[in-house]
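Please have the structure open while reading.

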Amino acid sequence: MTFPRLHGRDDELGRIDRMLAELRTGGGQALVFRGEAGIGKSALLAHAASSADGLFLLRGGGSEGESTLPYAGLHLLLRPVVDHVGDLADTHAETIRRVLAGSDPGGRFAVGAALLELLSLLGRRTPVLVLVDDLHWVDEESRDALSFAARRLAGERVGILAAVREPLRVPAGSVRDVAGMPHHRLSGVDDEAAARILASTELPRHRYAPVIEASRGIPSALLEIGRGGPVGAGPFEADLAALSERARTMLLVAAADDTCDTGTILAAARRLGATLDDLREAEDAGLVMFTDTCFGFSHPLIGPAVYRGATFARRIEAHRALVDVLTVEADADRRGRHLAATTTTSDESVAAELETGVEHARMRGGMAAVADAYERAARLSPAPRDEGRRLTSAARAAADAGQPERARQLADQASALLPDPADATWSAIVRATLAEDDDRPIDAHHTLVGTAKRLAGAAPRDAGRLLVAAAEAAWAADDPDKVTDAAELAETLAVPGADQVRALATAAGGGPAAAVAALRALLEADCAPVDTCTDVAISLRARARSASWWALLGEHDTARAEALELVTEARAHAATGVLPRVLAVLARAQLRLGDLGEAVTTAEEGLATAVSIGQRRGIAEASGVLAVVAGLRGDEQGVARYAADADQSSAEHAAALLDLGAGRLNGVIERLACAVDVGLVGLELVPDLIEAVARAAESGDSVGDDVVDRALANLTTWAAATGSAWGEALAARSAALLGKAEFAAAMAVAGQAGAFEQARTELVHGEWLRRERRPARARAHLRAALSLFERHGATPWAERARTELRAAGERRDSATTAPGADTLTPQERRIAALAADGLSNRDIGARLYLSPRTVGYHLYKAYPKLGVTSRGELAKLELMA
């Protein structure tokens, strides 16, 4: 088990272990770890000592009190081996004896040489490891001797490992380390390692982020602040003790405020008798630092040490002084926090002021700060109902801040304080939100429906709100029957919003045209009748839902635009709990529009965020996108890795795409046949099903005509009802594949579905042209498809296009690759490829539904990019990129 202070130090631990292994075989060497106080230098030396089985250990170190005594460091280090001094040559033995006796040894060179000989002698018997901590306090004479020996360890079975602190203040002319020894500077550990260190404390997980930020990744600071107990001043104790009382007052006010607002700190400190001169005293002592107008402590341990070292009465004085200089108008949240710190009993006026400052808290620190403010207000509330109401608000904010464990605890506490059913609405919404985030939408549905039934008589409007949310939860669970149940209950109870619940039932389980109409009505209704759109986090979740609905209408550009805006807002409000959801919506829109690389980047961020907060729904949605992209790219390992955590629909789709790329058509059909009857959510799978069916038919296999016809009818009806250009392109390609429409019509709108879907249309058109014995025309489409597939890393699709190109008579080896082909626009590439096949501007225009003049314009733009001036030169090029 790794000692907590060593989490995140794998590189350093490996370096120590290699050093110990090498010195056992004569690979003597030296190393100095350096860094600020608490960074973990001593812990690394302790690890070296515990790993030094079979080695002879010599341990020493420096102390400030002995730093000016010549050879005090060597005296401490060598006393354990005094019995071996007699085995040295007389000159060296006499030198070491003088060092140990505290008399003049006769010069630093002589001491260094004697030390090296003694270590070499010891190493010939047993490998030696010399450990020297606090090297910065070792006297200069001893450091010189260690330096002399350290540079001459090659071939010896001796290692020297030391630690030196980078002090806050370096005295003029002080070397503070050993010249000539290699150094390794330690920095703060990363956030993951910091979280592992904090896990060894009792700090709640939702408090990790501010502690990690405040500690700058310094292990000692993480442990001291995380444990919340008294913080030892350690290396700063003497500096703090040397300050005047007023300078310590200045530091206490700064520690109590815990911001870098210099003006406020100075104003509050003046009320306690401290002045700017006292701040300069602390600065001269190296305890504080400034960046522009920002005040901060020079080490993370100083502020907590000052605050916890003060008496309770002095802390109260500091907080009261801060209350006096902060205003409700500009700093309501900070003033409320300090006011709460001075209050030892329940006080509604203080609780109300904290609640007033919630908006300031959100703007300053995001949803976690909102949760903190509401929780403080709840603890100070005299009335149980007010406490429960505020705890519910804290739970909502904690959920949206990505603190699910805290949110559950707060929601449970609130429920016990709110026996009145009318107060149960928000508590139920919070519990349902947490259940959905945990990927348990049916549990959320049950919670909401049960609460709605209890509230219907006394609070019908709240019951309606809950049934709307219950229907949405059931839809998220792909359970249209339960959505319908919620609609019927809403109508039976005659609650406000029953029409909205019915629209959700139609959108979830109705036919394509009816579902589209219902979904448009829901989008037009916006947030009514829920009346929660003014709440920032609730609004973010509602708008994320709306963005996903735009995607179900094939409006992926709209979904992407809204999701991008939501991502920005979620980050601005630190709504970490909402972020995975909106990133998933954005990633799916990018995927549908053919931006595979962007979709992966977005989904990976969503997955990392969801993992960090333990949000299973976010993990499932992000993994689903990554699985689908892996399927498109033929990445079997990627599909297996991500599908394990993905939602079932995405996992099946990813596996089907993998089969489709590999030509395993029956597998595709088996996986996707059910998509015909899954409503709007299943429609995005229909084009893949139809392609598999069409390709299987070419090999003599067949699927029931009723299934295929119903699939195409649903897709065509949906495309017509939505008016989606994206949907029109997919429907046109699907119809052409089944021989129910011309490929020319599909090609005319292929670009409306994004680059990747356009490439798929180019591919199937090219395949059809080759089968129709028109290879020259087929090659232009196949080249365009290959170029796009290669750009997106879609290996199986690219290979399929290459195979078709070879079958169509393409001989890539005889062509000269066009160096500027990758600079062409998709339209320029298509036109240039057709011109290279010998088609005239008029023929090209007829093929692409363009005027001959427009074709000429695109060729005019393409020629200089390709470095050609005529069609003859163009025909010699390979336009693959």
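E569 is partly exposed, at 23% relative accessibility (buried means under 20% relative accessible area, exposed over 50%, partly exposed in between, with a 1.4 Å probe and protein chains only). This is a predicted model, in which local features need pLDDT of at least 70 and side-chain atom pairs count only at pLDDT 80 or more, while totals for chains, interfaces and linings use all residues. Residues are numbered from 1 along each chain as its sequence is written, and side-chain values use heavy atoms, with hydrogens and water left out.

E569 pairs with R543 in a salt bridge, with 2.8 Å between the closest N and O atoms (a side-chain nitrogen of Lys or Arg within 4 Å of a carboxyl oxygen of Asp or Glu). E569 belongs to helix α28 (residues 556-572) and R543 to helix α27 (residues 536-552), so the bridge ties together parts 26 residues apart in sequence. Helices are DSSP runs (H or I, at least four residues), numbered from the N terminus.

A second salt bridge joins R800 and E691, at 3.0 Å between the closest N and O atoms. R800 sits in helix α41 and E691 in helix α35, 109 residues apart. Both R800 and E691 are buried. Shared partners connect these two with others, including R733 and E757, in one network of salt bridges.

The largest nonpolar core has 120 residues, and W475, L519 and F789 touch the most other members. Such a core is a set of buried Ala, Val, Leu, Ile, Met, Phe, Trp, Tyr and Cys residues joined through side-chain atoms within 4.5 Å. Apart from this core lies another, of 67 residues, with A52 and I225 among them.

Notes
Helix = DSSP H or I, 4+ residues; strand = E, 2+ residues; numbered from the N terminus.
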